[in-house]
Amino acid sequence: MFARFLYFLIFFTTIDASFVEEECLNYTVYPVQYELTIIPYIYKTGDSYYDCSLVVTIIANAPNVKVIEMDAKGLDIRRDSVGVFDGSLDLVNKHRPYEYDAGRGKLYIYLTDSLKMYNVHKTQYLLKISFNKHIRNVDEGIFLADYKEHSKTKYLFATRLSPNKAKHFFPCFDNPRFEAVFKFKVFAPPSRVDLQTSNTSLVIAKEQRRYTGSNDYVIIEYVPSPQVTLDQVGFHYSNFVSRQFGEAIINLIHEFATTRRPLLNGPINLVAVPSLLNGYEISSWNLLANGESRLGYIPQITSIKQMNDMTFELAQQLCRIWLGNPGEPQRTRWKEEWFKEGVATYLAYYLLAQYNNGEMASEDIVPIGKYGLDMKHKSMSLDWHHSTPALAAFNRTLAVEIPSRYKQLVTMKTASILWMVENWLGAERFQKALAKYINSRRGKYISLEDFMISLDHDTVECLHQFFNGSTSSRVLNSWFHQSAYPLVNVQVLRDRNPNVIVLKQRQFSFTSHNRVDSNYLIPVSYIVQNNQNCYNCYQPRFTIGMQTYSFGENLNGGWILLNRNASGYYRVNYDLSTWRLIAKTLKEDHLAIDELDRAQIVNDILALFAAGDLDRDTALTVLDYLNEELSEVVWAAVIDGFELLKTDGASCHMTKNLYQEWQEFMRTKVAALYKRLIDSREQTANIRLFRSNIVNFACFVRYRPCVSLMRTFNSKSIARDRMNPDFRETFYYVLLHESNVNLAGDGLNLWEVEDKIKSEHKLREENRFLYRIPIGTARPLELMRSTTTEFLISTESTVGSTTAETLTAGPSGSMSREASLLITIFLIIFVAMTR
């Protein structure tokens with residue numbers, strides 16, 4: 001049987017439940033403990049249901065409470081089972097016991113006497129309900145999932161209770177801030193001809209004992225959980241096996257923390273759920289539910305991208321758990337949960353850099369590097385719009401309440417800003433300060449303000465001399481309380497000795513709106529081409545704000561590059577002379593510039609062109625060297641940047657003809673690298689990912705050899721299971737683009753379905769982009785003299801040159817667009833008249 005479920009046995013400690021915050025007690029009725037006795041039935045036909053007896057210990061927080069309002073949806077409540085007991089006295093009104101509004105998902109229980117306020121009488125009540133629920137695979141909260149075992153279909157129960165889905169599982173007080181203890185008891189039915197055998201269940205707590213009761217039911221009792229919110233609760237029932245997994249990531253967490261503190265009390269269980277629920281529940285700490293394609297790795301089926309996604313999500317979730325969970329002996333709480341999300345993401349990328357796809361690094365600390373660049377570009381692609389809120393806008397928002405459209409922004413932007421501060425302070429200093437702070441706050445509250453005070457204390461040695469008086473807290477505050485990100489314009493005054501570099505920031509935008517002066521506190525690092533007289537060129541040395549900032553530096557006729565290591569969360573635009581010098585170096589010896597700096601240059605170039613801040617000739621001139629570029633980091637930045645050309649409303653005024661010219665340009669640049677990677681037999685994880693990205697990009701820009709290769713996979717002579725899984729998403733994209741077929745999901749495994757969905761989404765977005773832009777006018781080609789005395793004028797609609805010079809009017813003396821057009825018209829008339 002292929003195991004859907006991966007089991008972590010971490011270290012065992014004791015539970016010390018935390019007390020509920022007082023701010024959560026301002027409701028009329030509050031749950032203290034839920035006791036659930038569940039009898040699940042999974043039939044071989046797939047028809048499934050469970051019976052449940054629920055006992056909720058409640059207290060009253062207000063006087064004169066005679067109606068208890070609960071959340072319940074899709075449940076069959078047994079009419080005579082509802083009771084509210086004060087000792088042995090049932091307070092439920094016998095004439096009108098309850099009303100169940102199935103549409104709104106509300107259950108109202110009516111009482112004969114008012115409940116006594118707990119803060120006066122210390123009275124607790126027992127609320128008892130029995131119900132059953134039929135389960136389907138399309139249900140919410142709790143659902144049925146199918147899987148294959150020896151070619152036979154089997155089923156399982158699993159839950160996903162966030163956000164506000166617990167009411168589909170059992171009647172509850174579905175408030176995301178309510179915490180309670182949960183106690184489970186599960187009766188597993190005996191073997192029957194019509195029932196599927198299921199050998200165990202999983203909940204959020206450790207199994208206490210297991211025994212056989214009457215009628216041969218196997219009874220499984222669990223220890224009471226710590227106080228948790230509903231979204232942290234989980235229940236799973238199936239026939240499953242266990243595997244050890246993730247030990248390397250856990251060891252790296254311990255190494256970072258400089259302590260082997262256990263992650264939690266008890267096991268961490270990884271549970272498979274339907275693919276539409278991919279992604280861990282961010283509050284989960286014991287049952288980590290994710291899609292099977294994100295949990296299981298099969299070399300013949302799983303692509304390198306899917307493996308990377310799985311590894312990142314696992315690392316991110318383990319970091320969330322380490323940063324604070326209800327199961328730890330001393331509960332750590334975060335006042336700003338968006339900040340916890342960002343720290344967990346930053347740490348996940350840090351761990352992946354050390355892990356290096358299983359090739360553990362020998363250095364003490366490996367820089368985040370390409371991972372940092374990836375998270376920054378993901379965030380920047382979302383963060384420029386005027387409607388995007390500042391991170392501090394989520395200060396009182398629980399992590400489960402962050403809207404899905406902002407989750408990647410919150411995680412990636414926060415992590416990117418931390419990476420910027422890390423590069424400013426130095427990686428070792430920053431990471432030691434972070435680990436020291438987290439360890440010091442065990443069992444206490446963590447707040448952003450407290451963290452910044454601690455970071456200043458541990459990293460700033462002399463307040464008024466360190467980076468122009470700027471501190472970590474000032475930098476972080478300026479970025480967390482402002483939305484979007486800046487563009488730094490660089491003007492080099494080369495007629496002065498020493499040269500003067502003038503810096504001015506404004507908000508970056510792809511449209512003509514919101515291009516206002518900004519006031520981010522930006523740590524500035526830079527390098528210069530001729531650095532013989534440059535003091536300490538490789539470290540950040542000052543910060544800039546809203547005011548224009550200038551400084552002197554002897555460039556000796558060379559370029560200056562801001563944002564060294566690409567860690568700054570901003571873009572840079574240089575004056576035309578500096579761009580030409582950068583382009584010249586890239587063309588002559590691109591390795592003279594570090595790959596992270598090259599990656600940032602190419603991404604900035606494409607973003608600046610899309611935003612209308614840079615003309616096409618300059619953009620193409622800088623990018624002209626790409627046919628010599630072999631760095632996976634740089635090409636990842638190119639691919640991300642190329643997507644920015646399709647930004648809705650971008651100021652570059654994209655047209656179909658212009659977009660085709662960009663595609664043709666990229667075809668000429670990716671051709672050599674494509675052949676190199678296709679011919680290579682190397683199968684390391686990094687090369688596989690590089691190859692997958694380049695093949696995908698080459699087909700996306702319609703590079704003919706790539707498209708032809710994908711067509712061969714559609715031939716009947718090549719079985720689907722022989723296809724390289726790293727090319728599968730590209731294959732589906734090409735197939736859909738060329739035939740416009742409806743790829744049915746029947747017969748596809750979960751990994752294939754995931755890639756099919758991605759390719760369909762990508763094609764829809766491309767079609768939507770092409771539909772909304774105008775056709776435009778094709779650029780005329782430069783004139784070419786024939787072997788006779790006549791001039792031949794090309795009528796091709798697209799440009800096919802292999803270098804930027806055939807597309808641009810650069811220093812080589814090629815004519816301007818207007819002059820070329822006039823001469824073309826004159827020659828057409830002249831040739832017609834002479835004939």
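Tutor: In this predicted model, Lys122 has a relative accessibility of 55% and therefore counts as exposed, the cut-off being over 50%. Lys122 sits in the loop that links α1 (118-121) to β10 (125-135). Its backbone deserves attention: phi of Lys122 is positive, about 55°, although the residue is not a glycine.

Asn64 belongs to the loop between β3 (48-60) and β4 (65-71), and with a relative accessible area of 64% it is exposed.

Asn286 lies in the loop between β18 (268-273) and β19 (287-291). Its relative accessibility is 2%, so Asn286 counts as buried. Neighbours within four places in sequence aside, Asn286 is in contact with Val203, Ile204, Ala205, Leu264, Pro267, Ile268 and Asn269. Leu202 stands 84 residues from Asn286 in sequence, while their C-alpha atoms are 9.5 Å apart in space.

Loops also hold cis peptide bonds. One joins Ser162 and Pro163, with omega about -10°; Pro163 is in the loop between β12 (152-160) and β13 (181-188). Asn497 and Pro498 are likewise joined by a cis peptide bond, with omega about -5°, and Pro498 is placed in the loop between β22 (486-493) and β23 (499-507).

The largest nonpolar core has 232 residues, of which Ile68, Ile109, Phe182, Trp662 and Met666 touch the most other members. Residues up to four places away in sequence not counted, Ile68 touches Val29, Ile58, Val84, Leu107, Tyr108, Ile109, Leu111, Leu115, Leu127 and Phe173. Another core, of seven residues, lies apart from the largest one and includes Phe143, Ala145, Leu156 and Val273.

The crossing of α3 past α4 is right-handed. Among the residues of α3 that take part in the contact are Phe312, Cys319 and Trp322, and α4 contributes residues including Val343, Leu347 and Tyr355. By class, this contact of α3 with α4 has 13 nonpolar, three polar and three charged residues.

Conventions. Residues are numbered from 1 along each chain as its sequence is written. This is a predicted model: local features need pLDDT of at least 70, side-chain atom pairs count only at pLDDT 80 or more; totals for chains, interfaces and linings use all residues. Side-chain values use heavy atoms; hydrogens and water are left out. A crossing is left-handed if the near helix is turned anticlockwise from the far one by less than a right angle, and right-handed if clockwise. Helices (H or I, at least four residues) and strands (E, at least two) are DSSP runs, numbered from the N terminus. Contact means heavy atoms within 4.5 Å. Ala, Val, Leu, Ile, Met, Phe, Trp, Tyr, Cys and Pro count as nonpolar, Asp, Glu, Lys and Arg as charged, and the others, Gly among them, as polar. A nonpolar core is a set of buried Ala, Val, Leu, Ile, Met, Phe, Trp, Tyr and Cys residues joined through side-chain atoms within 4.5 Å. Buried means under 20% relative accessible area, exposed over 50%, partly exposed in between (1.4 Å probe, protein chains only).
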